[in-house]
Amino acid sequence: MRIAAPIEIAAPPEAVWGWISDPAKALHFFSGVTRWEVVSDDPIGLGARYRMLLRVGSAEVGGLIEVIEFNANRDMAWTSVTGLDQRGRWRLRPRPGGRTRVELRLSYGVAGAGIFGWISERVGAPTVRGHLQRTVRQLKRQVEQEETRRRAAERRRARASA
Amino acid sequence: MSEAGIAERASANGHAREESKRPGFAGRVLGGLAKQLQTRIPVADLDERDPDYIRDTLPRLWLLSSLYFRGEVRGLGNIPEDGGVLLVGNHSGGNLTPDTTVFTLAFGAYFGVERAFYQLAHNLVLSMPGLGMLRRHGTVAASPDNARKALESGAALLVYPGGDHEVHRPTWQGNRVDFDGRKGFIRLALEHDVPIVPVVSIGGQETALFLSQGKGLARALGLDRALRLKVLPISIALPWGLNVGDFLGHIPLPAKITVEALPPIHLHDEFGDDPDLDEIYDHVMRLMQETLDGLASERRFPVIG
């Protein structure tokens with residue numbers, strides 16, 4: 001099952017990247033995620049490993065994931081090492097006016113689970129889709145608020161030096 | 001299978017039969033049934049737990065737990081991340097216990113199927129037709145030997161001290177933790193120096209109308225000697241209506257199941273080098289009963305939750 005949640009954020013890709021690539025900030029905007037812990041020596045970058053859990057229905061599902069693509073300000077993708085089979089991706093693309101189109105993608109399943117796996121993927125899809133959509137909305141609020149504060153600080157400095 | 005073979009197998013399961021007085025007719029019939037049951041129980045082997053099988057079955061457990069029982073499991077973060085741990089639960093729901101289903105799924109999803117996790121169950125449950133898959137889930141016959149092996153291997157072990165006594169208590173006693181004074185779990189935790197994590201659940205006793213544990217009936221029929229059954233429960237359950245014994249299980253009502261794992265109790269740290277069993281027992285019971293009272297106060301309607 002593959003689910004995507006797109007959104008456009010009024011901030012440059014660098015500002016968005018600062019949020020999505022920092023594991024310490026994941027719990028601030030990732031809806032439904034109850035755990036996002038660094039378990040590798042390098043907390044950020046290619047090969048970084050996290051233990052993540054997402055509440056879906058009666059269980060917190062997830063497991064150990066590893067970052068397999070890390071192109072700064074553009075793409076970060078991960079795949080599962082243990083637990084639920086999953087592949088996730090943050091895809092950032094610049095838009096005119098200093099804006100960024102952001103897409104969060106997640107594909108998941110349990111290989112070998114047969115018909116029950118197929119059914120459970122679809123039954124769980126609305127919950128997962130809801131989490132992803134809330135995640136990108138919360139990310140947008142966080143990043144745009146930070147951008148507003150940054151610009152306000154710049155204006156204050158300009159006024160002070162004038 | 002020969003008498004010797006049966007005895008050897010029972011012994012390997014940790015359930016060597018006790019010497020009893022010469023039984024009457026009913027006792028001999030039940031004794032014969034007991035022998036047949038013993039032959040159905042393979043020698044418990046921790047190696048039978050199959051992580052790949054568990055992983056494959058997680059989706060169907062998730063469907064059952066999420067849609068049918070609207071399961072909710074709290075406090076899994078309280079369980080130590082690794083090493084041996086004794087999970088001590090209150091038990092509800094008759095021979096088919098939905099609280100175990102909900103908790104097993106949540107544990108497997110949270111910690112991953114790679115973490116060794118065993119559950120002790122009554123012989124009768126393991127010998128029930130169609131429940132052989134429990135062994136691949138890590139369910140082994142309840143015996144000191146199996147408990148020792150599991151904890152020595154550094155696994156998480158789920159035990160229900162109340163066992164058949166508690167699981168068949170009347171529905172109107174559903175909000176009561178009742179271990180019947182059994183303290184073996186404390187000795188086990190002390191012996192292996194592992195923390196106890198109380199696991200409190202509610203809702204299981206609403207999956208049928210449990211009327212009586214039938215202890216007197218079990219004694220009168222000699223079930224306690226022949227099958228190690230101290231109860232012969234009487235309930236009203238689907239699809240049987242009046243259900244005596246619950247030997248064939250029943251279709252549970254879709255009661256909402258809520259489970260809460262409490263912070264670990266490190267016995268030597270909290271009770272010193274010479275801990276008193278009664279003191280620990282009272283402490284654990286108080287914690288679990290308080291939690292169960294809290295969970296009960298959240299419920300508005302039976303079954304619906």
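**Exercise 1. Backbone geometry**

Which residue just after α9(B) takes a positive phi? Determine this residue, then examine three further backbone features of the predicted model.

*Conventions.* Residues are numbered from 1 along each chain as its sequence is written, while chains are lettered from A and ligands numbered from 1 in the order in which they are written. Since this is a predicted model, local features need pLDDT of at least 70 and side-chain atom pairs count only at pLDDT 80 or more, whereas totals for chains, interfaces and linings use all residues. Helices (H or I, at least four residues) and strands (E, at least two) are DSSP runs, numbered from the N terminus.

*Solution.*

1. The residue is B:D193, which has a positive phi of about 50 degrees just after α9(B).
2. In chain A, A:N73 has a positive phi of about 65 degrees although it is not a glycine. A:N73 is placed in the loop between β4 and β5 (75–80) of chain A. A residue is buried if 20 or more other C-beta atoms lie within 10 Å of its own, exposed if 12 or fewer, and partly exposed in between, with C-beta atoms placed from the backbone. A:N73 has 17 C-beta neighbours inside 10 Å and therefore counts as partly exposed.
3. B:R70, also not a glycine, has a positive phi near 45 degrees. B:R70 belongs to the loop between α3 (51–68) and β1 (72–74) of chain B. Its 18 C-beta neighbours inside 10 Å make B:R70 partly exposed.
4. The peptide bond from B:L238 to B:P239 is cis, and its omega is near -5 degrees. B:P239 sits in the loop between β8 (234–237) and β9 (241–244) of chain B.

**Exercise 2. Two helices of chain B**

Identify the buried residues of α9(B) and α13(B), and state how they are arranged around each axis.

*Solution.*

1. In α9(B), the buried residues are B:F185, B:I186, B:L188 and B:A189. They line one face of the helix, because they fall within an arc of 160 degrees seen down the axis of α9(B). The arc is that of the directions from the helix axis to the C-beta atoms.
2. The cover over the buried residues of α9(B) includes β2, α7, β5 (156–159), β6, α12 and α13 of chain B.
3. Helix α13 (residues 277–298) of chain B has 22 residues and reaches 32 Å from its first C-alpha to its last, close to the expected 32 Å. The expected span is 1.5 Å times one less than the number of residues.
4. Within α13(B), B:I280, B:V284, B:M288, B:T291 and B:L292 are buried. These residues lie on the same side of α13(B), because they cover an arc of only 100 degrees around the axis.
5. The face turned away from the buried side of α13(B) carries the exposed residues B:D278, B:D282, B:R286, B:G294 and B:S297.
6. Among the elements covering the buried residues of α13(B) are β2 (85–89), α9 (184–192) and β10 (258–261) of chain B.

**Exercise 3. The nonpolar core**

Which members of the largest nonpolar core touch the most other members?

*Solution.*

1. A nonpolar core is a set of buried Ala, Val, Leu, Ile, Met, Phe, Trp, Tyr and Cys residues joined through C-beta atoms within 7 Å.
2. The largest core has 101 residues, of which B:L86, B:L87, B:A106, B:L157 and B:V159 touch the most other members. Helix α4 (residues 98–111) of chain B gives the most to this core, with eight residues.
3. Two residues are in contact if their C-beta atoms, placed from the backbone, lie within 7 Å. Leaving out residues up to four places away in sequence, B:V159 touches B:L86, B:V88, B:L120, B:A147 and B:F185.

**Exercise 4. Interface and confidence**

Describe the contact between the chains and the confidence assigned to chain B.

*Solution.*

1. In this complex, 17 residues of chain A are in contact with 21 residues of chain B. The largest share of the side of chain A that touches chain B, five residues, comes from α3(A).
2. The predictor gives the complex an ipTM of 0.86 and a pTM of 0.85.
3. The mean pLDDT (the predictor's confidence in each residue, from 0 to 100) of chain B is 86. Confidence in chain B is lowest in helix α1 (residues 3–12), at a mean of 46, and highest in strand β6 (residues 196–202), at 98.
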